[in-house]
Amino acid sequence: MVRRSILSICALTAAGKGATLRRSFAVFALFPVLCLALVPARAAGIVDAAFVAEALKRGAIVWDARDAAAYQRGHIAGAVNVGDALRVLRNPTTEDFIETAHIEAILGGGGIDPAREIVVYSTRGHVGAYFAHFAILYFGGQDVSVYHDGIDGWTDDKRPLEPSETRLAPVTLKLVPNSALPVSTAEMLARLQDKNLQILDVRTRDEFAGLDVRAIRGGHVPGAVNIPYEENWADPDTIGKLSRREVANNRGMSLKSDADLRKLYSQLDANKETIVYCQSGVRSAETAAVLGKLGFRNVKVYDSSWLGYAAKLDAPVEKEVFFNVGALRAQLTAMQAKIDALEKALAAMSAPAPK
């Protein structure tokens with residue numbers, strides 16, 4: 001529609017008639033105003049340390065989404081904290097959002113108002129920041145960004161940290177979830193044959209193939225493309241290298257360049273609707289933000305993700321594998337027997353020697 005409007009203006013201008021020319025310029029002058037009404041003042045996205053510093057100067061809320069202990073050890077000056085976002089805003093069993101009223105109390109108590117500009121951070125590349133970013137969007141925020149490099153990038157830039165807690169005045173919130181952002185299991189099932197839809201699975205290769213089963217069933221949604229979310233990073237194996245002590249820091253978890261990210265997602269169509277899922281909607285929140293950064297126009301997160309889909313036993317699955325509860329029970333029983341034997345041996349060692 002925008003393209004046709006501009007072409008029409010050009011055609012009318014070329015006609016050379018005075019009245020038509022004046023009308024064309026009037027429409028052209030109005031065009032930016034119309035566009036401004038369609039987009040927020042600052043589009044949500046992934047930002048750097050300089051953006052965070054400027055956001056603080058203009059009074060934006062900077063939300064540290066890490067746990068309270070990490071926050072107290074040192075955080076960006078002026079940042080607020082309500083605890084680990086992944087723990088305080090989600091049900092630990094279903095891994096879905098807790099009741100909206102409880103979220104209102106948690107965010108409102110910390111002064112985190114989705115109506116204001118918000119920048120969220122955690123450690124470099126941590127999905128908790130992206131989950132918090134998605135939460136703000138889900139509850140009506142339109143001016144929210146995520147600082148991907150987080151506290152690690154901030155200290156890499158030699159920027160100061162502070163241990164003292166920042167408290168904002170509490171606010172009374174009435175949050176209304178935006179039902180257009182997430183996708184339900186019912187909607188996912190209804191649209192499996194939709195040729196105008198592309199489905200992106202951002203779990204590991206083994207999860208996708210049904211080799212790593214983390215729900216009642218393993219496998220993947222039929223037709224899904226698998227691009228693990230770690231592939232967004234400069235070095236996708238950074239976590240493994242850290243555990244093996246092959247690297248000294250997590251700089252490999254910084255995002256790839258935009259050019260490399262576009263190459264990574266080149267098999268997808270940025271103009272098509274894209275549904276992203278993982279195990280519980282957290283890893284997918286990071287990839288959804290990356291796709292938005294790349295200009296994908298319609299990205300949704302399947303919030304219940306594989307936990308919800310696998311539990312729907314009549315939902316079709318590719319590479320389907322059922323979780324073997326009996327085998328797990330046997331392994332746990334054997335492990336408990338070893339623990340009991342070890343505790344008995346330790347107790348005998350610590351018992352006083354007979355006189």
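Reader: Hi! How do the residues lining the second largest pocket divide into nonpolar, polar and charged?
Author: Hello! In this predicted model, the lining divides into 5 nonpolar, 3 polar and 5 charged residues. Here Ala, Val, Leu, Ile, Met, Phe, Trp, Tyr, Cys and Pro count as nonpolar, Asp, Glu, Lys and Arg as charged, and the others, Gly among them, as polar.

Reader: Which residues lie nearest the centre of that pocket?
Author: V127, R214, S280, V282 and R283 do, out of 13 lining residues. A pocket is an open set of points on a 1 Å grid over the protein atoms alone, where a 1.4 Å probe fits, with protein on both sides within 12 Å along at least five of seven lines; lining residues have an atom within 4 Å of a point.

Reader: Thanks! Switching to helix α3, which residues are buried there?
Author: A49, V52, A53 and A55 are buried in α3, which covers residues 49–57. Buried means under 20% relative accessible area, exposed over 50%, and partly exposed in between (1.4 Å probe, protein chains only). Helices (H or I, at least four residues) and strands (E, at least two) are DSSP runs, numbered from the N terminus.

Reader: And what covers those buried residues?
Author: The cover includes strands β1 (45–47), β2 (61–64), β3 (75–76), β4 (118–121) and β5 (144–147), along with helix α8 (150–156). Just after α3, G59 has a positive phi of about 90°.

Reader: What about S305, buried or exposed?
Author: S305 is buried, with a relative accessible area of 0%. S305 sits in helix α14 (residues 305–311). Not counting residues up to four places away in sequence, S305 touches Y277, C278, Q279, S280, G281 and S284; contact means heavy atoms within 4.5 Å.

Reader: Nice link! Where does E320 lie?
Author: E320 is in strand β13 (residues 318–322) and is partly exposed, at 39% relative accessible area. Leaving aside neighbours within four places in sequence, E320 contacts R217 and G218.

Reader: Which part of the model has pLDDT under 50?
Author: Residues 1–44 do. pLDDT is the predictor's confidence in each residue, from 0 to 100. The protein's mean is 87, and 85% of its residues reach 70 or more.

Reader: What are the ground rules for numbering and cut-offs?
Author: Residues are numbered from 1 along each chain as its sequence is written, and side-chain values use heavy atoms, leaving out hydrogens and water. Local features need pLDDT of at least 70 and side-chain atom pairs count only at pLDDT 80 or more, while totals for chains, interfaces and linings use all residues.
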